[in-house]
There are 4 protein chains.
Amino acid sequence: MRTGLWLIGARGSVATTVAAGAAAVRAGLGAPLGCVTTLDDFQGVPLPRFDELVCGGHDISDIDLVKRAEQLVTAGVLPAGLPGLVEDDLRAVDARIRRGTSGERDSRPGEVIDSLAADLADFRKRNNLDSVVVMNVSSTEGPAAPHPAHASLTALRRSLYEEPHAREQAPVLPSSSLYAFAAFTAGCPYIDFTPSAGARLPALAELAHERGMPWAGSDGKTGETLVKSVLAPMFARRALRVRGWSGTNLLGGGDGATLDAEGPVNSKASSKAVVLPSILGYPVDGGVHIHNVPALGEWKTAWDHIVFEGFLGTRMSMQFTWQGCDSALAAPLVLDLARLMATAQRARRTGPVPELAFFFKDPVGSHEHSLERQFTTLVTWARGLRVGS
Amino acid sequence: MRTGLWLIGARGSVATTVAAGAAAVRAGLGAPLGCVTTLDDFQGVPLPRFDELVCGGHDISDIDLVKRAEQLVTAGVLPAGLPGLVEDDLRAVDARIRRGTSGERDSRPGEVIDSLAADLADFRKRNNLDSVVVMNVSSTEGPAAPHPAHASLTALRRSLYEEPHAREQAPVLPSSSLYAFAAFTAGCPYIDFTPSAGARLPALAELAHERGMPWAGSDGKTGETLVKSVLAPMFARRALRVRGWSGTNLLGGGDGATLDAEGPVNSKASSKAVVLPSILGYPVDGGVHIHNVPALGEWKTAWDHIVFEGFLGTRMSMQFTWQGCDSALAAPLVLDLARLMATAQRARRTGPVPELAFFFKDPVGSHEHSLERQFTTLVTWARGLRVGS
Amino acid sequence: MRTGLWLIGARGSVATTVAAGAAAVRAGLGAPLGCVTTLDDFQGVPLPRFDELVCGGHDISDIDLVKRAEQLVTAGVLPAGLPGLVEDDLRAVDARIRRGTSGERDSRPGEVIDSLAADLADFRKRNNLDSVVVMNVSSTEGPAAPHPAHASLTALRRSLYEEPHAREQAPVLPSSSLYAFAAFTAGCPYIDFTPSAGARLPALAELAHERGMPWAGSDGKTGETLVKSVLAPMFARRALRVRGWSGTNLLGGGDGATLDAEGPVNSKASSKAVVLPSILGYPVDGGVHIHNVPALGEWKTAWDHIVFEGFLGTRMSMQFTWQGCDSALAAPLVLDLARLMATAQRARRTGPVPELAFFFKDPVGSHEHSLERQFTTLVTWARGLRVGS
Amino acid sequence: MRTGLWLIGARGSVATTVAAGAAAVRAGLGAPLGCVTTLDDFQGVPLPRFDELVCGGHDISDIDLVKRAEQLVTAGVLPAGLPGLVEDDLRAVDARIRRGTSGERDSRPGEVIDSLAADLADFRKRNNLDSVVVMNVSSTEGPAAPHPAHASLTALRRSLYEEPHAREQAPVLPSSSLYAFAAFTAGCPYIDFTPSAGARLPALAELAHERGMPWAGSDGKTGETLVKSVLAPMFARRALRVRGWSGTNLLGGGDGATLDAEGPVNSKASSKAVVLPSILGYPVDGGVHIHNVPALGEWKTAWDHIVFEGFLGTRMSMQFTWQGCDSALAAPLVLDLARLMATAQRARRTGPVPELAFFFKDPVGSHEHSLERQFTTLVTWARGLRVGS
């Protein structure tokens, strides 16, 4: 079961950690901690092995992957010495990375899509892959501008392939959706690990359906929201009334700069904001705030403050601080998703996969945000995947 | 379904909050927040109503219950003004409190038990109660000294009722177990909300079986351990390896003084210590520490620091601070347990009730410590209770 | 030395706490904790005694002061029972409160000032006061719109008293500055406990000089910034390089709503932002954020996260959480400032008083933000005040 | 001014960081952040330059210094790549390390001292050093057993050099004091960066006086206590009454294991415990607790929880978490102390040096614990040092 993992943003921190980490795991140099699919619960599920995964991807940067890996050592993401030990693997991945689209206004979006899809087909063929999973791990986009062509595949195709696009117009599709279009076109499942639009437009859902492709997202649940997804059920189960829940996220790196700007914060903060009312069933004071602190580099600190009422309304409070390395938290989930989605495709699953809600802040097709119930759903689903011979 | 709730430690902070709170709820003066049995999940379970609960109990203190309630207002546990509004109810409960045993060495423990049991029978008769649930909410005892008579009911009866007891000897049973013996003797279910021995001795389990009584415990899960019971599963579900988990509990009030002394801390800390390895399946550095800070009064602050490893061993950390009022957290659970246990008795459940694990740090008959799974078990069990007409 | 304390915002939480607290201290019902002038260092400084202070003030609300005090009991600011014990005093203060100006555009600002000044003169006369200190403890205003008349007293007088003011124009002076103008006119020192403009306009400084009045401000240092003013010097003294310092302030009450809106946050956040670079001497990543959480009521929680570098650039971090009640922190400082300023006036101090920097986030006439050095300066200055007979 | 820095515990984490760091600073590879003597305040004080410092020391371990440095890279203390860049320097220091005394019972302690002193003389001569400062940075000892010979130098000399010592007897002097005796004998100032006894015995103070040597200590102030030394004065200056202050220190590495055992914790906790009552002037609930968490490695996390009262007794609280790397915090202070003490010796200062209190948790000869005042004292003293030509 040779499986391709095609990463949008292939030279970014998450993708580099995925590439270096998968190589390290294959070589027995590190443990796949954080890989949920290694738990006993997944025993017997016909997943591709780690040594059957082949990484490639699109990026608009040219920086060498070995150099990126060394930067991640300095940043405390990868262990000292690792890049040297897996240098050959990194160079091989590097050679499989193709120039992506930067989302700038293009007069022929259809051609861009075709070119991206051709890259995918080429990747599959050259590496003799049974399937290729496309996953977006690039920077978060701002909320996509609404466009009438999003409503149906016919309209969208016409707009992308037939109508002229003036450079000064807003693009019909944001980059993440161009990639999703290309993925489905090339017969690849698509997963959005960011809160970007990706496949979450009616026209793209239609395309996935037409091609029989499964897809999932959005926004990997790696830190503050992960904790929320177990703490909020705790308050609910104990009939304690949450009155305020304020979250502050301090981010460095490119992510901090991107998310502190207006647009992306909005999409990020809104994917974070659905969790609480969904679990608790009532609105709560507070909100989620994201601030850029370049000095934090690749690390992230979240502080959440919760005010709740106990018996007769007595006010109490709880706080937590989460100090995590986003790439080290995201990378194993990316590998999990690739393994699960490749198997889902072989099992002929199509359309959105709500059973993968466990991995996401804002899961497609699901309103379940309690981690424990998401886990039960995930395991049941994975165990039920039957793969033809 | 008039149901008695007999509290050991009936003038303590928890019991006073229970009495004042139950009265407030009955009178519509406050919401039964924190009462799990009010959740929709328990709809249809034939539980006694709040206005069918009658409180009484044993205590060795003489302090007036209204005065205690006023102290709890000053301490921020009860709302200002409440004691005045429910004064009649508090005086009624006060009149039902009987002198308990202080656990001092007594030459005739059998007679002590018989007298305690007579108090229970009298309480039931005077108040025309269908059932009486006995619950221990008194101070935590030190670990019980082992005694050969604990091994069988025959041996225990002989020792308690027939053998002479020199005052300088260690007592055969600690107070909590004398109360459990009396409860079963009087046909009452027994619940230990503290980590004391209570009914957890083979001879007492035998007695419960002989009398057909259900029983449960130990050590109400109200704060730090409650949070652990959702956070530890989160790390497990995500395959993140916890390397260190250190808990510090700052307590004031009588509880702080009791638990910072040698014996009780040990029993408390050990009931807290079973949770992590049970959920995670491997040992973790750290430990649980309890420190007395009188200035905190009735409030409790817990700080937990967790070190864990992500992908390739990257070290990350999480901290939480819990600032709670123990009595306001415990009281609604005491009411829940009384309602559930009365129904269990009517449904002819006997012996330990592991399905109540949701409420306890160290549940009898259960090794399940994940809150979410405990909740599922609890609801399924409660819904299955069939009460004869 | 009968001394008047005239509070702008006399029915607000701070002012009510000042009035109730001063009465409680006079009656021996509570300790003046937080009153810096009670420290031994101020022994011998000829300050008015607590029982020589008489409170009055302006407000635009009509709510009864006893009612406000009871609200503050419920909110956990004042001890249960206090309002009843000091009811007579509160009623007396209540009777001395006059209708203030709400800052709405007024066609005759000069008349408003004259009327405010007349209130002050009346207060002094009726209560036979040696001096009256005016202090602004009302809600924070947005940043004052610049106006050419701010540049000189002559221009300002002409604009206020002679020129017609169209209602649709921005007002020449914000409310806080109208009060400052009135105070100086009536021969009263003026202190701004908020970050509002107050006397910080060249024309008003000129007026203070002309009338020989001392004045001070701005923005009482009661929480997060107080802690900063000792932690930042710690890092500086130890030659540790601070790379990021992010502050999040969660506020409830009216204050939260006011400061989370655009304008006032800006003035508050900017008065908070001057501290760090001033102490450290270099810019730092991060910033100060204010979020409204109504559930917090009169309480405030601040969380600060600091990243710093030690030897060879090793990154370390520190966090603190401050959970305070703003009114209980501000009220004693208001009493201190009234006592000190009355004495300063008697000692014929005029103009801005930088020696009071100890009390303020953004002290007039001072760039010193280290608390310890501010304290030394304050004590030296206070001890040097010579009051004629 | 070639100056020797002789470290007791020369292969430990602090000493290795000192050696590697001093080399890095000399070579321009890293900034001497955390070195207080680089602040402008010390301009003009005739301190030895960094490139005039020569390191050597005693240790009982044989592990290679380059290897230790590499371990410290893995542990996140030293920057990746540094050991290779300063390998020659590390090898040179390595060659200057002599076998120390492990403090095991020895029948001839006088001979041990003479041998240690001979090592010092040899170090000075071979490296052509103007002065040699001896500093103890080894593991913390348990509290020294009292012995009558500690009372006077005559008695101590007799006991060490003339009386037979049975191996089963407790030793007359703990290791740290043997080193101090050797230092003074060899004409070297002695500084104790640990809470061990060192020179703090009357007989040793007498010896320092006899030889005209300055000495200082104890217990470098690098984390929790450093923060306390600015926060406690803050509460004092603001007349806020601290009611509880509880500190929890989580340590890994060798230090955690040493301090969590009975003896050393006691000496550490007691050196930490003097700070608060000394600054505040009254006793406070709480205490300082040290727990071993091996997973923390070379890093340390301290959590302090403070309850205090504001106006009229309103209870408020503050918490802080300090996440530091002890060696990266200690090393620059070790360099500072070496520079300052060498200059003090040249300026003919003898006896305890209370002016160095700034550096220590439990300063010899000083009861001043406020960091700001300690700093003022330090700078004044350093500027006054006159060195003869």
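The legends below describe close-up views of a predicted model. Local features need pLDDT of at least 70 and side-chain atom pairs count only at pLDDT 80 or more, while totals for chains, interfaces and linings use all residues; side-chain values use heavy atoms, with hydrogens and water left out. Residues are numbered from 1 along each chain as its sequence is written, and chains are lettered from A in the order in which they are written.

**View 1. A tilted aromatic pair joins chain A and chain B.** Rings of Phe, Tyr and Trp (its six-membered ring) pair if their centres lie within 6.5 Å; planes under 30 degrees apart count as stacked, over 60 as edge-to-face and the rest as tilted. This rule gives 48 aromatic pairs over all chains. In one of them, the ring centres of Phe308(A) and Trp322(B) are 5.2 Å apart and the planes stand at 35°, so the pair is tilted. Phe308(A) belongs to strand E9 (residues 299–309) of chain A and Trp322(B) to strand E10 (residues 315–325) of chain B; strands (E, at least two residues) and helices (H or I, at least four) are DSSP runs, numbered from the N terminus. Both Phe308(A) and Trp322(B) are buried, that is, under 20% relative accessible area (1.4 Å probe, protein chains only).

**View 2. An edge-to-face pair lies within chain D.** The centres of the Phe193(D) and Phe360(D) rings are 6.5 Å apart, with planes at 70°. Phe193(D) sits in the loop between strand E5 (190–192) and helix H8 (202–211), and Phe360(D) in the loop between strand E11 (351–352) and helix H14 (371–383), so the pair ties together parts 167 residues apart in sequence. Phe193(D) is buried at 8% relative accessibility, and Phe360(D) is buried at 1%.

**View 3. Arginine charges sit over rings in chain C.** The criterion here is CZ of Arg (or NZ of Lys) within 6 Å of the ring centre and within 35 degrees of the ring normal. The charged end of Arg241(C) is 4.1 Å from the ring centre of Tyr282(C), and that of Arg339(C) is 4.5 Å from the ring centre of Phe50(C).

**View 4. Chain D meets chain C.** The contact (heavy atoms within 4.5 Å) takes 64 residues from each of these two chains. Four salt bridges cross the interface, each a side-chain nitrogen of Lys or Arg within 4 Å of a carboxyl oxygen of Asp or Glu. Arg237(D) bridges to Glu372(C), with the closest N and O atoms 2.5 Å apart. Strand E10 of chain D gives eleven residues, the largest share of the side of chain D that touches chain C.

Definitions and conventions
Buried < 20%, exposed > 50% of the residue type's maximum accessible area, 1.4 Å probe, protein only.
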